[in-house]
Amino acid sequence: DDYTSNIRVGFTASEQTVYLSDTALICKVASGVGLLLDVKVTVGNQYQTAFEMFAYNNPNFNSMLSQNGTVTFNYPAIASNRKGNVTIVGLNFGKCDYSPRSRISNVVSKN
């Protein structure tokens, strides 16, 4: 029997898929972005798709570094400085969205 297996999340193949049994697979999902992504499981020449079953975690930032080098959790202080660069440090920014955007209060940053 052919137990070659593959799991795709959205259009991206998992980095690794391991066949455990007739009822179980385990995989390492590739980095990415998105909500309500389809999951397609293939074993041998059979496949099944579960629609809108996966979502990546939302971006979450821990701190911001202003142009003068100050690390702050007081975001309005940075927002009042209308010029200069701000470095955002955090998790789950994804690796596939080529047009990330950030917003401080109601002001959208320039990319």
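The following dialogue examines a predicted model of a protein chain.

Student: How many helices and strands does the protein chain have, and what pattern do they follow along the sequence?
Tutor: The protein chain contains one helix and eleven strands. Read along the sequence, these elements follow the pattern β-β-β-β-β-β-β-β-α-β-β-β.

Student: Which residue in E4 is the bridge partner of Val-18?
Tutor: E3 and E4 form a hairpin with two residues between them. Strand E3 (residues 16–21) runs antiparallel to E4, and five bridges join the two. The partner of Val-18 in E4 is Ile-26.

Student: Is Tyr-56 buried or exposed?
Tutor: Leaving out residues up to four places away in sequence, Tyr-56 touches several residues, including Val-9, Val-29, Gly-32, Leu-35 and Leu-37. Its relative accessible area is 16%. Buried means under 20%, so Tyr-56 is buried.

Student: What kind of aromatic pair do Phe-54 and Tyr-56 form?
Tutor: A pair of aromatic rings is described by the distance of the centres and the angle of the planes. For Phe-54 and Tyr-56, the centres lie 5.1 Å apart and the planes make an angle of 85°. Planes over 60 degrees apart count as edge-to-face, so this pair is edge-to-face.

Student: Is Phe-54 buried or partly exposed?
Tutor: The relative accessible area of Phe-54 is 25%. Buried requires a value under 20%, and exposed a value over 50%. Phe-54 is therefore partly exposed.

Student: Where does Val-29 lie, and with which residues is Val-29 in contact beyond its neighbours within four places in sequence?
Tutor: Val-29 is in the loop between strand E4 (24–28) and strand E5 (37–43). At 28% relative accessibility, Val-29 counts as partly exposed. Beyond its neighbours within four places in sequence, Val-29 is in contact with Val-9, Phe-54 and Tyr-56.

Student: How far apart in space are Val-29 and Ile-7, C-alpha to C-alpha?
Tutor: Along the sequence, Val-29 and Ile-7 are 22 residues apart. In space, their C-alpha to C-alpha distance is 8.4 Å.

Student: Over the face of which residue does Lys-40 lie?
Tutor: Lys-40 is at 4.4 Å from the centre of the ring in question. The residue whose face Lys-40 lies over is Tyr-47.

Student: What share of the residues in the protein chain is buried?
Tutor: The accessible surface of the protein chain comes to about 8,800 Å², of which 52% belongs to carbon and sulfur atoms. Of the 111 residues in the protein chain, the buried share is 14%.

Key
Residues are numbered from 1 along each chain as its sequence is written. This is a predicted model: local features need pLDDT of at least 70, side-chain atom pairs count only at pLDDT 80 or more; totals for chains, interfaces and linings use all residues. Side-chain values use heavy atoms; hydrogens and water are left out. Rings of Phe, Tyr and Trp (its six-membered ring) pair if their centres lie within 6.5 Å; planes under 30 degrees apart count as stacked, over 60 as edge-to-face and the rest as tilted. Buried means under 20% relative accessible area, exposed over 50%, partly exposed in between (1.4 Å probe, protein chains only). A charge sits over a ring if NZ of Lys or CZ of Arg is within 6 Å of the ring centre and within 35 degrees of the ring normal. Contact means heavy atoms within 4.5 Å. Two strands pair if DSSP finds at least two bridges between them. Accessible areas come from the Shrake-Rupley method with a 1.4 Å probe; for residues, only the protein chains shown count as cover.
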